[in-house]
Amino acid sequence: MKKEDYSQLTIEELTKKEKTAKTATIALAVVIVLQFLVGLFLTFKQGFNVFTILPVTFLPILIINYSIIKKIREEINSRSK
């Protein structure tokens, strides 16, 4: 996977990327919470199954998305000063 160089992008492009990343991160967080709730429900009804650990597998993606948003925000802030 290619690492993107945010210093080459304009402020408008960075803002657009930040908005897209935030939307994707929020959507992923909502899905993870729903998966957690369904997994918890199914664990009580049927016992331990794959749906119990499924939300944990998506947490690294959420963390990576958060770090991308943080890097974009830092680049925007560095240019604003």
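What follows is a working chat about a predicted model and its two helices, H1 and H2.

Biologist: Before I read anything off this, what are the ground rules on numbering and pLDDT?
Modeller: Residues are numbered from 1 along each chain as its sequence is written, and side-chain values use heavy atoms, with hydrogens and water left out. The model is predicted, so local features need pLDDT of at least 70 and side-chain atom pairs count only at pLDDT 80 or more, while totals for chains, interfaces and linings use all residues.

Biologist: Where does H1 run?
Modeller: H1 covers residues 11-46. Helices here are DSSP runs (H or I, at least four residues), numbered from the N terminus.

Biologist: And H2, what span should it have?
Modeller: H2 is residues 50-80, and its 31 residues should span 45 Å at 1.5 Å a residue. The expected span is 1.5 Å times one less than the number of residues. The end C-alpha atoms are 47 Å apart, which agrees.

Biologist: Where is the kink in H2?
Modeller: At leucine 59, shortly before proline 60, and it is about 30°. That bend is the angle between axes fitted to the seven residues ending there and the seven starting there.

Biologist: Which residues of H2 are buried?
Modeller: Pro55, Leu62, Asn65, Ile69, Ile72, Glu75 and Ile76. Buried means under 20% relative accessible area, exposed over 50%, and partly exposed in between (1.4 Å probe, protein chains only).

Biologist: What do they pack against?
Modeller: The buried residues of H2 pack against H1. Threonine 25 in H1 is buried too, at 12% relative accessible area. Leaving aside neighbours within four places in sequence, threonine 25 is in contact (heavy atoms within 4.5 Å) with Leu62, Asn65 and Ile69.

Biologist: What does isoleucine 76 touch?
Modeller: Leu14, Thr15 and Glu18, not counting residues up to four places away in sequence. Isoleucine 76 has a relative accessible area of 7%, so it counts as buried.

Biologist: Changing topic: how many salt bridges are there?
Modeller: A search of the whole structure finds three. The test is a side-chain nitrogen of Lys or Arg within 4 Å of a carboxyl oxygen of Asp or Glu.

Biologist: Which residues are linked in a network?
Modeller: Glu18, Lys22 and Arg73. Glutamate 18 bridges to lysine 22, with the closest N and O atoms 3.8 Å apart, and to arginine 73, where the closest N and O atoms are 2.5 Å apart. Glutamate 18 is in H1 and arginine 73 in H2, so that pair ties together parts 55 residues apart in sequence.

Biologist: How far apart in H1 are glutamate 18 and lysine 22?
Modeller: Four residues, which is about one helical turn.

Biologist: Are those residues buried or partly exposed?
Modeller: Glutamate 18 is buried at 6% relative accessibility. Lysine 22 is partly exposed at 40%, and arginine 73 is partly exposed at 33%.

Biologist: What does glutamate 75 bridge to?
Modeller: Arginine 79, with the closest N and O atoms 3.0 Å apart. Both lie in H2, four residues apart.

Biologist: Last one: which residues make the nonpolar surface patch?
Modeller: Ile26, Val30, Val33, Leu34, Phe36, Leu37, Leu40 and Phe44, giving about 820 Å². Areas come from the Shrake-Rupley method with a 1.4 Å probe, and for residues only the protein chains shown count as cover. Patch residues have over 30% relative accessible area and no salt bridge; like charges are joined within 9 Å, nonpolar side chains (Val, Leu, Ile, Met, Phe, Trp, Tyr) within 5 Å. Valine 30, for one, is partly exposed at 45%.
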